[in-house]
Amino acid sequence: MAATANANAKHMMLMMLSASISLPVSSRCASLSAKRLLYNQYPTRSQTLVRSACTGITTDTSKKKKKEKGLAKEKRRTRSLRDGDIHILKEEDDDSSSSSSTVTMQQSHIPVMLGEVLDVFSSNLKPLSSFVDCTLGAAGHASAIIQSHPELKLFIGMDVDPLALRMARSRINAAISHSHPHPNFQALTFVKNFRHIRSLLTQVDHISSGVDGILMDLGMSSMQVNNPARGFSVLANGPLDMRMDPQASLKAEDILNSWPDSEVGRILRDYGEERNWRLLQNKIVQARLQGGLRSTGELVDVIRSATLGTKGGRQGWIKTATRVFQALRIAVNDELKTLEDSLHACFDCLAPGGRLAVISFHSLEDRIVKQAFLKIIGEEVRNSIRKVEGVEDEKELWIRQTIQGSNGTILTKRPITPSEKEEGFNRRSRSAKLRVIQKL
């Protein structure tokens with residue numbers, strides 16, 4: 001009898017609380033009524049029953065919300081169909097043969113969504129005679145493009161980091177030695193920010209009609225993150241630098257110690273999308289009174305003191321620190337404004353039929369890319385966008401939905417994200433999103 005009574009009470013509690021959970025917060029007095037009812041009918045076991053029922057409902061509700069959130073995320077993106085089958089060879093293996101799916105580079109460097117990038121520029125009906133990599137980095141994508149396109153006559157690589165450019169040049173030379181480039185092939189590299197792409201291309205011969213392909217990979221390279229002296233790493237102590245261009249004057253230390261309090265808070269809120277920005281702002285101001293912040297380790301200590309007692313443990317403060325570091329890096333390098341201006345400039349530099357591919361790594365970047373692409377294809381036809389469901393061309397299977405405009409076509413209505421296999425062996429690719437636009 002007691003077991004039956006307990007079961008009936010629990011069932012009653014579940015029904016009452018389930019009904020009250022769907023109501024606004026102001027209307028949840030129903031749950032209190034349910035508790036009182038149980039206290040009156042089953043006084044000896046009421047507290048245990050209430051606790052058990054609430055736990056069960058909360059668990060079920062959380063699982064449902066996570067499932068719904070996952071489904072919604074899948075609808076907003078297009079998961080890559082590739083299985084990450086790009087073969088990586090060692091550079092010193094001179095006897096190895098190369099093909100469009102075989103890339104020669106060091107084992108330590110894994111370019112994000114390499115196969116997808118190759119698909120974007122290999123499937124186009126227009127031959128790839130000229131190509132610009134706006135974020136050359138360690139030349140992972142660049143080496144693959146050079147090896148995969150023997151018709152390529154001109155390659156241009158840009159990067160603000162001279163150290164990265166030196167490494168990239170050696171890898172490009174290795175890629176050329178492993179492929180069969182065009183007899184007139186040229187590879188040019190420049191220490192330049194991609195905001196200067198238009199002025200740079202005017203100085204290069206034989207591209208008056210524009211280039212056939214442009215790539216922008218907005219992610220941080222491993223060699224930058226893993227170098228404590230650059231100040232990008234949350235886990236390694238180093239100076240508060242965070243400059244992509246070592247010649248630039250503004251450092252993260254200047255922002256933290258000299259900029260107005262309100263501006264520091266705005267950076268944390270807008271660029272880091274950090275909910276506890278005000279608390280962190282106050283902690284940073286307190287640190288100024290004690291001599292200021294001079295190293296990434298000191299900044300991490302401030303962040304950890306602001307997250308004491310919050311859920312998540314070590315992962316909790318690391319996620320907060322990652323958002324803070326992202327916000328400071330964006331501010332130091334003026335990344336968002338530079339990106340927005342450069343997208344329009346890059347599209348202008350394309351030849352008819354040329355493609356611009358952009359890989360972003362956080363929502364702020366992806367939102368700018370999405371909105372810029374819509375503006376580029378023609379604002380006056382925004383309301384008459386043609387959406388194409390499915391593309392039958394076997395070479396363009398990666399294209400699922402397109403948006404047609406008067407100036408160009410967005411080939412990725414939804415961004416392409418890495419395959420599950422790539423996310424498994426390259427964790428830094430998990431947040432990557434690829435969007436592509438083609439000029440008419």
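Is Lys-337 buried, partly exposed or exposed? With a relative accessible area of 45%, Lys-337 is partly exposed; here buried means under 20% relative accessible area, exposed over 50%, and partly exposed in between (1.4 Å probe, protein chains only). This is a predicted model, in which local features need pLDDT of at least 70 and side-chain atom pairs count only at pLDDT 80 or more, whereas totals for chains, interfaces and linings use all residues. Residues are numbered from 1 along each chain as its sequence is written, and side-chain values use heavy atoms, with hydrogens and water left out.

**Figure 1. Overview of the protein.** The protein has 16 helices and 13 strands; helices (H or I, at least four residues) and strands (E, at least two) are DSSP runs, numbered from the N terminus. Of its 440 residues, 48% are buried. The accessible surface comes to about 22,600 Å², and carbon and sulfur atoms hold 51% of that surface; the areas come from the Shrake-Rupley method with a 1.4 Å probe, and for residues only the protein chains shown count as cover. Among contacts (heavy atoms within 4.5 Å) between residues at least 6 apart in sequence, 72% join residues at least 24 apart.

**Figure 2. Asp-341 and Lys-337 form a salt bridge.** A salt bridge is a side-chain nitrogen of Lys or Arg within 4 Å of a carboxyl oxygen of Asp or Glu, and the structure holds 17 of them. In this pair the N to O distance is 2.7 Å. The two residues are four apart in helix α14 (residues 335–348), and therefore about one helical turn separates them. Asp-341 is partly exposed, at 40% relative accessibility.

**Figure 3. Asp-212 forms a salt bridge with Lys-126.** The closest N and O atoms are 3.4 Å apart. Asp-212 belongs to strand β7 (residues 211–217) and Lys-126 to the loop between α4 (114–122) and β4 (130–133), so the pair ties together parts that are 86 residues apart in sequence. Asp-212 is buried, with a relative accessible area of 8%, whereas Lys-126 is partly exposed at 27%.

**Figure 4. Asp-366 forms a salt bridge with Lys-433.** Here the closest N and O atoms lie 4.0 Å apart. Because Asp-366 lies in helix α15 (residues 363–376) and Lys-433 in strand β13 (residues 433–439), the pair ties together parts that are 67 residues apart in sequence. Asp-366 counts as buried at 8% relative accessibility, and Lys-433 as partly exposed at 29%. Elsewhere, salt bridges that share partners join Glu-263, Arg-266, Arg-269 and Asp-270 into one network.

**Figure 5. Gly-405 is located in the loop between β10 (401–404) and β11 (408–410).** At 9% relative accessibility, Gly-405 is buried. Gly-405 and Lys-439 are 34 residues apart in sequence, and their C-alpha atoms are 9.7 Å apart in space.

**Figure 6. Ten residues, from Thr-78 to Ile-416, line the largest cavity.** A cavity is a set of points, on a 1 Å grid over the protein atoms alone, where a 1.4 Å probe fits but cannot get out; lining residues have an atom within 4 Å of a point. The count comes to one cavity of 30 Å³ or more. The largest cavity holds about 40 Å³ of space, a volume being the space filled by probe spheres set on the points, which are joined across faces, edges and corners. Its lining includes Trp-398, Arg-400 and Thr-412. By class, the lining has four nonpolar, three polar and three charged residues; Ala, Val, Leu, Ile, Met, Phe, Trp, Tyr, Cys and Pro count as nonpolar, Asp, Glu, Lys and Arg as charged, and the others, Gly among them, as polar.

Note on methods. On a 1 Å grid over the protein atoms alone, a cavity is a set of points where a 1.4 Å probe fits but cannot get out, and a pocket is an open set with protein on both sides within 12 Å along at least five of seven lines; lining residues have an atom within 4 Å of a point.
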